[in-house]
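Subject: Structure handover

Hello,

Here is the structure I said I would pass on. My notes on it follow below.

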Amino acid sequence: MENKFGFTLLSVAEFENWITEQNVARTVLNIQEHHTWSPNYTHFKGNNHFELQKGMQDFHTVVNGWQDIGQHFSIFPDGKIVTGRGLEISPACIYGFNNESICIENVGNFDNGGDTMTPEQRDAIVRVTAALCRRFRVPVNSSRIVYHHWFDLNTGARTNGSGVTKTCPGTHFFGGNKVKDAEQNFLPLVQKAVGNMDQVPLPLLYYAYVKVKWLPVRRKPFFLGKKINETPFGSVLRIYEEKGKWRRISATKDEWVNAGKIKKLKRGTVNTDELNVRSGPGIQFNPPIGVVRKGQEIFVFAESGNWVKIGIDERWVSAKFVDF
Ligand SMILES: [Zn+2]
């Protein structure tokens, strides 16, 4: 492992170990696959991982005005991985689908006629995705492991490739960028690499979100317990155990937060093909600001009549079309 500019460079084997040791309070439900398009293989000189990552960070912060580099990880043509945005923060990679996601940018241009993916990078993409699935218990399917191409750039709705979309992660990424390409060519490799997920030692009790700007995560359920992490406002946490005023947020590790700083969330699933998202609780909030699709999981941050708020920002849907 090497560090530079605040990033860490890892081999796949190092990554597989490293990710199991990270304390991550934020709930991770989804994994996104992208290609960088530029930089591409012509920019990679074999030893300039950090410089290319820094270039992307500068572009995202200076040109785009984002708080940090958009992605959590970049995977390079030699199969090495460089860390990016902190795992506690949602990525800036797919408009409408960043919450509860981890974003992987695969360095290269994988459109037809672009770069030919090296075997090392191919292996790393599969194994990194699988390691994330194991770490966050993400089931291997096309609802939870997604390509950028499947989301409309203007509405954030999942369209599976129709509407205004990017080709990302490339028309030649593991044989194509469509849902069926992923299901036929990519996801089976990931599933094989995941193997059998271990049993969860503790059942999940409920979800809750962070009400304060930064919530300390402690090793023991009391204020003097060593602070091992902190997680920002709005993060969705999983609660596995209650002990007095403390809540355990990991099924496998001693990670505790103060109960007074979180609020319980209902979780639901969209039961209609397309459900309009509005800026307030009612159809008078027109036009809609987005769409969520059948099967998508949502969290309820507030309720008003028959409407539910599905983010910390003002995003509301009719509760009639959500199964709880
Ligand atoms: Zn993308």
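To begin with the helices: α3 passes α4 in a right-handed crossing. On the α3 side the contact is made by Val126, Arg127, Thr129, Ala130, Cys133 and Arg134, and on the α4 side by Leu189, Val190, Ala193 and Val194. Sorted by class, that contact of α3 with α4 has seven nonpolar residues, one polar and two charged. Please bear in mind that this is a predicted model.

As for the geometry, helix α3 covers residues 119–136 and helix α4 residues 179–194; their axes come within 8 Å and cross at roughly 60°. That angle makes α3 oblique to α4.

Helix α3 also packs against helix α1 (residues 12–21), here at an angle of about 15° and with the axes 10 Å apart. This makes α1 roughly parallel to α3. The crossing of α1 and α3 is right-handed. From α1, the contact takes in Val12, Phe15, Glu16, Ile19 and Thr20; from α3, Asp123, Ala124, Arg127, Val128, Ala131, Leu132 and Arg135. The residues of the contact of α1 with α3 are seven nonpolar, one polar and four charged.

After α3 comes Arg137, with a positive phi near 55°.

- Trp246 lies in strand β13 (residues 246–248). Trp246 has 19 other C-beta atoms within 10 Å and is therefore partly exposed, since burial takes 20 or more. Leaving aside neighbours within four places in sequence, Trp246 is in contact with Pro221, Trp256, Asn258 and Ala259. From Trp246 to Gly260 the separation is 14 residues in sequence and 8.4 Å in space, C-alpha to C-alpha.
- Val291 is in strand β17 (residues 290–293). Val291 has 20 C-beta neighbours inside 10 Å and so counts as buried. Not counting residues up to four places away in sequence, Val291 touches Thr155, Ala157, Glu274, Leu275, Asn276 and Val277. Val291 and Asp152 are 139 residues apart in sequence, and their C-alpha atoms are 10.0 Å apart in space.

Some backbone details in the loops may be worth a look:

- The peptide bond from Ser38 to Pro39 is cis, with omega near 5°. Pro39 lies in the loop between β3 (30–35) and α2 (49–63).
- Cys168 and Pro169 are also joined by a cis peptide bond, where omega is about 10°. Pro169 is in the loop between β7 (145–147) and α4.
- Phe174 is in the loop between β7 and α4. Phe174 is not a glycine, yet its phi is positive, near 45°. With 22 C-beta neighbours inside 10 Å, Phe174 counts as buried.
- Phe5, in the loop between β1 (2–4) and β2 (7–10), has a positive phi near 55°, again in a residue other than glycine. With 11 C-beta neighbours inside 10 Å, Phe5 counts as exposed.

Regards

Notes. Residues numbered from 1 in each chain as written. Predicted model: local features only at pLDDT ≥ 70, side-chain atom pairs only at ≥ 80, totals over all residues. Axes fitted to C-alpha atoms, helices over the stretch in contact; angles between N-to-C directions. Helix = DSSP H or I, 4+ residues; strand = E, 2+ residues; numbered from the N terminus. Parallel < 35°, antiparallel > 145°, perpendicular 65-115°, else oblique. Left-handed = near helix turned anticlockwise from the far one by under 90°. Contact = placed C-beta atoms within 7 Å. Nonpolar A, V, L, I, M, F, W, Y, C, P; charged D, E, K, R; others polar. Buried ≥ 20, exposed ≤ 12 C-beta atoms within 10 Å, placed from the backbone.
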